[in-house]
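Welcome, and thanks for taking a look at this one. Below is a short briefing to read alongside the model.

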Amino acid sequence: HHWAWLAAVILVLITWAISLSMIIRHLERYDRPDVQRYVVRILFMAPIYALDAMLSLTFNNAAPYINVLRDGYEAFTVYNFLKLLFELLGGERAVITLMQGKKTMQMPFPLHWTEPWEMGDEVFYNVKFGVMQYVLVIPVCALATFVAAFAGAYEGNSWYTMDLWIQIVACVSATWAIYCLVTFYMVMHEDLEKVTVNPLGKFLVIKGVVFWCFFQHILLQVVLLIGYIPATQQFTAMKLVG
């Protein structure tokens, strides 16, 4: 545990140093505030995640409460990423206008068999609300986690504990948000390539950091439920997963 905590401290310091240097550079050349405000908010995600991990390791009994801040900022980051894409393309009305000039596209897998969304208002608002529902659901799940942990009904390796069911709700919400973001990219990738460098890379980074961390936790919860994670002298299996 001592070596794990020491490694966490070192990595947190490195993460904060890199992130703050990038944030300061943006603030020093704040010539596009309509875009850079969202970039700065997104850049704070890495240090907040790192600090959350270190605090959870240090105060493992308080991890469910500490993670509420992380989950809230995670939802905030996804919101700011969507707003960043809209601003890069000229704003929401400009995005709708660009969509109206495109041909109807088949829905991405696995909903390729469903009726395609109409280009314009329908695609735009389905994507927007598909992402925004995640922004609302995740803080609610975080609050439910906080209350359940306080009441002693959160942790456990049984089906009736709140942890599993909260994660199922969050998983459904995250999956739909990812699908909507993928749909948006497939529709607008040519326009995004004209206004920003490597838009696919930006998509993969945001989805990788936010959603991969989320689904990694889901996978660990499933492995814990099956019973493949043994307890140690210092930590229960649940604490190791958390």
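Which side chains meet in a salt bridge at 3.2 Å, N to O? They are those of E92 and K128. Please keep in mind that this is a predicted model. Here is a tour, starting with the whole chain and then moving to the helices and charged pairs.

**The chain as a whole**

- The chain holds nine helices and zero strands, and its pattern along the sequence reads α-α-α-α-α-α-α-α-α.
- Of the 242 residues in the chain, 41% are buried.
- If you take the contacts between residues at least 6 apart in sequence, 68% of them join residues at least 24 apart.
- The chain has an accessible surface of about 13,500 Å², and carbon and sulfur atoms account for 68% of that surface.

**Helix 4 against helix 6**

- A pair of packed helices is described by the angle between the two axes and by the distance between them.
- Helix 4 spans residues 63–88 and helix 6 spans residues 121–151; their axes come within 8 Å and cross at roughly 170°.
- Angles over 145 degrees count as roughly antiparallel, and helix 4 and helix 6 are therefore roughly antiparallel to each other.
- Sorted by class, the contact of helix 4 with helix 6 has 20 nonpolar residues, one polar residue and three charged residues.

**Salt bridges around E92**

- The count of salt bridges comes to five.
- One of these is the pair of E92 and K128, with 3.2 Å from N to O.
- E92 sits in helix 5 (residues 92–100) and K128 in helix 6, so this pair links distant parts of the chain, 36 residues apart.
- E92 also meets K83 in a salt bridge, at 3.5 Å from N to O.
- Is K83 buried or exposed? K83 counts as buried because its relative accessibility is 17%, and the cut-off for buried is under 20%.
- E92, with a relative accessible area of 24%, is partly exposed.

**Salt bridges around R70**

- R70 pairs with D52 in a salt bridge, and their closest N and O atoms are 3.8 Å apart.
- Because R70 lies in helix 4 and D52 in helix 3 (residues 45–58), the pair ties together parts that are 18 residues apart in sequence.
- The two partners can also be described by their accessibility: R70 is partly exposed at 24% relative accessibility, whereas D52 counts as buried at 7%.

**A look at R93**

- With 53% relative accessibility, R93 counts as exposed.
- Which residues does R93 touch, not counting those up to four places away in sequence? The answer is D121 and Y125.
- R93 and F124 are 31 residues apart along the chain, and 9.6 Å separates their C-alpha atoms.

Technical notes:
Residues numbered from 1 in each chain as written. Predicted model: local features only at pLDDT ≥ 70, side-chain atom pairs only at ≥ 80, totals over all residues. Heavy atoms only, no water. Axes fitted to C-alpha atoms, helices over the stretch in contact; angles between N-to-C directions. Helix = DSSP H or I, 4+ residues; strand = E, 2+ residues; numbered from the N terminus. Parallel < 35°, antiparallel > 145°, perpendicular 65-115°, else oblique. Nonpolar A, V, L, I, M, F, W, Y, C, P; charged D, E, K, R; others polar. Salt bridge = Lys/Arg side-chain N within 4 Å of Asp/Glu carboxyl O. Buried < 20%, exposed > 50% of the residue type's maximum accessible area, 1.4 Å probe, protein only. Contact = heavy atoms within 4.5 Å. Areas by Shrake-Rupley, 256 points an atom, 1.4 Å probe, with all protein chains shown as cover.
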